[in-house]
Amino acid sequence: MSDHERQPARFPWPPVIYLAAIAIAATLGIFYPLAWFGPPLSDILFAIGCLLIVGFVILDVQAMRTLHKAGTAILPTRGADALVTSGPFAVSRNPIYLGNSMLLAGIALVSGNPWFLVLLVIACFLTQKLAIEPEERHLALRFGKKYRDYQKRVRRWF
C-alpha cells in the first residue's frame, strides 16, 4: 500500500491555513485598515455575514456527523475507510473546507474587514494545493472508479 493510499497528508493543513488566515487578516485590519461600505449596505452585509457564519456551523457539523456515521476519518491526516457521498457530500466533495471558507467570508462581512476576503482567496488556493489535491489522489487510489464517478457527479467546492 502506497503512502497516498494510507493517508492523504502528514500535516493537517486546512485548520492551520484557515486559523492563520483569520489571525493575519485580523492583524492587517488593525495595522493597515482598508475602506469598507457605510450604512445601509454595511448593515445588509453584516446580516449576510451572520447567515454565512451560521451556515458554516450547520455545514461543518452535518459533514462531520456524516463522516462519523460512515465510520471514516474526519481528520485530514487520516486515510478514508469509506467513500462518503451522502449528506453535504452529495453537494460538495469538500463541505468542511467550503464551510471554513464561508466562515472567513462571514467574518469579513460582520467585521467590515476586507482583509478577510483577501486572505480567503489565499486560503482557498492553499487548501486546494496542500489538502484537496492530495486527498483526491488518496481517494482515487483507495476507491478507484467509484471515486472517479463521484468526482463527475459532484463539484469540488460547490
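The secondary structure of this chain comes to six helices and zero strands. Helices here are DSSP runs of H or I with at least four residues, strands are E runs of at least two, and numbering starts at the N terminus. Along the sequence the pattern reads α-α-α-α-α-α.

A word on what you are looking at. This is a predicted model, in which local features need pLDDT of at least 70 and side-chain atom pairs count only at pLDDT 80 or more, while totals for chains, interfaces and linings use all residues. Residues are numbered from 1 along each chain as its sequence is written, and side-chain values use heavy atoms, with hydrogens and water left out.

Now the overall figures. The C-alpha trace spans about 55 × 25 × 25 Å along its principal axes. The chain has 158 residues, and 42% of them count as buried. Buried means under 20% relative accessible area, exposed means over 50%, and partly exposed is in between, with a 1.4 Å probe and protein chains only. The chain exposes about 8900 Å², and carbon and sulfur atoms supply 69% of that area. Such areas come from the Shrake-Rupley method with a 1.4 Å probe.

Contact means heavy atoms within 4.5 Å. Among contacts in the chain with a separation of 6 or more, 79% are between residues 24 or more positions apart.

Next, the helix pairs. Two packed helices are described by the angle between their axes and the distance between the axes. The axes are lines fitted to C-alpha atoms, for helices over the stretch in contact, and angles run from 0 to 180 degrees between N-to-C directions. Angles under 35 degrees count as roughly parallel, over 145 as roughly antiparallel, 65 to 115 as roughly perpendicular, and the rest as oblique.

Take helix α4, residues 95-111, and α5: their axes come within 10 Å and cross at roughly 175°. The two are therefore roughly antiparallel to each other. On the α4 side the contact includes Tyr97, Leu104 and Ile107, and on the α5 side it includes Phe116, Leu120 and Ile132.

How do the axes of α5 and α6 cross? Helix α5 (residues 115-143) and helix α6 (residues 145-153) cross at roughly 130°, with axes that come within 6 Å. That angle makes α5 oblique to α6. Glu136, Leu139, Ala140 and Phe143 in α5 meet residues of α6, including Lys145, Tyr147 and Gln151.

Now the loop between α2 (13-31) and α3, where Phe37 is found. Is Phe37 buried or partly exposed? Phe37 counts as partly exposed because its relative accessibility is 47%. Leaving aside residues up to four places away in sequence, Phe37 touches Ser42 and Leu45. Phe37 and Gly112 are 75 residues apart in sequence, yet their C-alpha atoms are 7.7 Å apart in space.

Pro40 has its place in the loop between α2 and α3. A cis peptide bond joins Pro39 and Pro40, with omega at about 5°.

Ser42 lies in helix α3, residues 41-70. Its relative accessibility is 16%, so Ser42 counts as buried. Not counting residues up to four places away in sequence, Ser42 touches Trp36 and Phe37.

Last, Phe11, in the loop between α1 (3-6) and α2. At 38% relative accessibility, Phe11 counts as partly exposed. Phe11 touches Val16 and Thr77, again not counting residues up to four places away in sequence. Phe11 and Arg78 are 67 residues apart in sequence and 9.8 Å apart in space, C-alpha to C-alpha.
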